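Visitor: Hi, could you walk me through this one? I'd like the overall fold before the details.

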Amino acid sequence: MAGRLVLALSVLLLLLLVGHCQGGKIGACYGRNADDLPAPDKVAQLIQQQSIKYVRIYDTNIDVIKAFANTGVELMVGVPNSDLLAFAQYQSNVDTWLKNSILPYYPATMITYITVGAEVTESTVNASALVVPAMRNVHTALKKAGLHKKITISSTHSLGILSRSFPPSAGAFNSSYAYFLKPMLEFLVENQAPFMVDLYPYYAYQNSHSNVSLNYALFSPQSQDVIDPNTGLVYSNMFDAQVDSIFFALMALNFKTLKIMVTESGWPNKGAAKETGATPDNAQTYNTNLIRHVVNDSGTPAKPGEEIDVYIFSLFNENRKPGIGSERNWGLFFPDKSSIYSLDWTGRGKVDVMTGANITNANGTWCIASANASETDLQNALNWACGPGNVDCSAIQPSQPCYQPDTLASHASYAFNSYYQQNGADVVACDFGGAGVRTTKDPSYDTCVFLAAGKMSTTNSTSLPARSGSSPHTSAKCFTPLLFVLSVVIAAVML
């Protein structure tokens, strides 16, 4: 009897474990403000080929919804701002919309979220007062259909909903939005829905080069840390700072338990002449690092290890969008469905920013000091690698195998390569502000062995610490405490 009870409890706990260890989710935004896009069914095929599991659209276009039937892709659909008045005024309008636009295609098309309004505070027509009444009517319609527990309702916001976002701990909502914000937050808590926000470090960089460095915006390991003077929390990238500014703003209103979901983030691949940061390389770097940040459950300084779901903006360039050049160039794919640049959606592969191709085999690549780097840049990068970068630099200490030749370039090469290899031989990990360069020639010499992909050195040191600021792998982070609980339960039953 005790054995069967132990087995049942074990299975139950393991099921709970699987449910709580999924990690952050990465999705893609499918905007369609263009006249040259492929048909929705072709887009659905492309998304499946790329193994993208989560997609956001901005309306309930029937052709698009039908295209995602039986694909296994979870769809976030939207109620446009132009429909908010009708949705807020009459329940019958929402009931009819649900009957015609959602119910005929659900659950074959896995609609999991409905966004009611999008960045309403940025709209030229102030529709913010209509959001909560419209959300309530959508909830009522879903409840009538028995879907209020299966489809989640929220509304998306820009960072402009804050009156202050720096430092993150001073994050505060604009008081002029209090009339609709508080009831909306109460609705979200009541219905266990996330606070949705669109975050763009690109704009922070583009609008303030003097205060926001490109490295900081791109998640570069060479970015200079920013310390929040109120909390002492250290920020190595703008994305985390923006997320935490929302968290602290929610906390100030006593809504700290609300989950934050990032419904748009990305980087433009092209822009106007003055938008020098809008390039395919920077777009690839940002999105690659963002995906890795999410799937590794890195969390933020205020909420380390906290999983967060993010939707990359956007699948295609949208040539009908007004505004500055970058507005039309956030795409990942050309209209013919070829990639503008390569992107690994798993967050665990390797992408070559220089060529735009996937690195299918990282064996035979090393990272060394660039001959063009100044001594100052090399020294700064070496200090970072052996400090915040958490590289084990014992091998380049006096009397150790890699100390000779006692030159800055030699020591930097060893440290750069160690960081590069322990971070998956990813091209971004060999940047070092331009001080690093990759090579296919093994730099090892005598008894000094440089790490290679998949090979850990036993000659130089016994272990390599994890990169600073990284979280334990999701499985280890989740399984270790739960398996401990499981052992305690088993021991209690056996007593």
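Guide: The chain has 14 helices and 16 strands; helices (H or I, at least four residues) and strands (E, at least two) are DSSP runs, numbered from the N terminus. This is a predicted model, where local features need pLDDT of at least 70, side-chain atom pairs count only at pLDDT 80 or more, and totals for chains, interfaces and linings use all residues. Residues are numbered from 1 along each chain as its sequence is written, and side-chain values use heavy atoms, with hydrogens and water left out.

Visitor: What do eight of the strands close into?

Guide: A barrel, in the order β1-β2-β3-β4-β5-β8-β11-β12, with parallel pairing. Two strands pair if DSSP finds at least two bridges between them. Direction ignored, neighbouring strands of this sheet are turned by 30° against each other on average; axes are lines fitted to C-alpha atoms, for helices over the stretch in contact, and angles run from 0 to 180 degrees between N-to-C directions.

Visitor: OK, zoom in on β4. Which strands does β4 pair with?

Guide: Strand β3 (residues 74-79) pairs with β4 in the parallel sense over six bridges, with valine 77 opposite isoleucine 114 in β4. Four bridges join β4 to strand β5 (residues 152-158), also running parallel. There, alanine 118 has threonine 156 in β5 as its bridge partner.

Visitor: Why is β4 largely enclosed?

Guide: Because seven of the nine residues of β4 (residues 110-118) are buried, meaning under 20% relative accessible area, with exposed over 50% and partly exposed in between (1.4 Å probe, protein chains only). For the chain, buried residues make up 50% of the 495 residues.

Visitor: Switching to helices. How do α6 and α7 cross?

Guide: The axes of α6 (residues 128-144) and α7 (residues 178-190) come within 8 Å and cross at roughly 20°. The two are therefore roughly parallel to each other (angles under 35 degrees count as roughly parallel, over 145 as roughly antiparallel, 65 to 115 as roughly perpendicular and the rest as oblique).

Visitor: And which residues meet there?

Guide: Ser128, Ala129, Val132, Met135, Arg136 and His139 in α6 meet Tyr179, Phe180, Pro183, Met184, Phe187 and Leu188 in α7; contact means heavy atoms within 4.5 Å.

Visitor: Last one: where does α10 lie?

Guide: Helix α10 (residues 238-252) lies across β8 (195-198), β11 and β12, running at about 140° to β11. Two bridges join β11 (residues 260-265) to β12 (residues 310-312), and valine 262 stands opposite valine 310 in β12.
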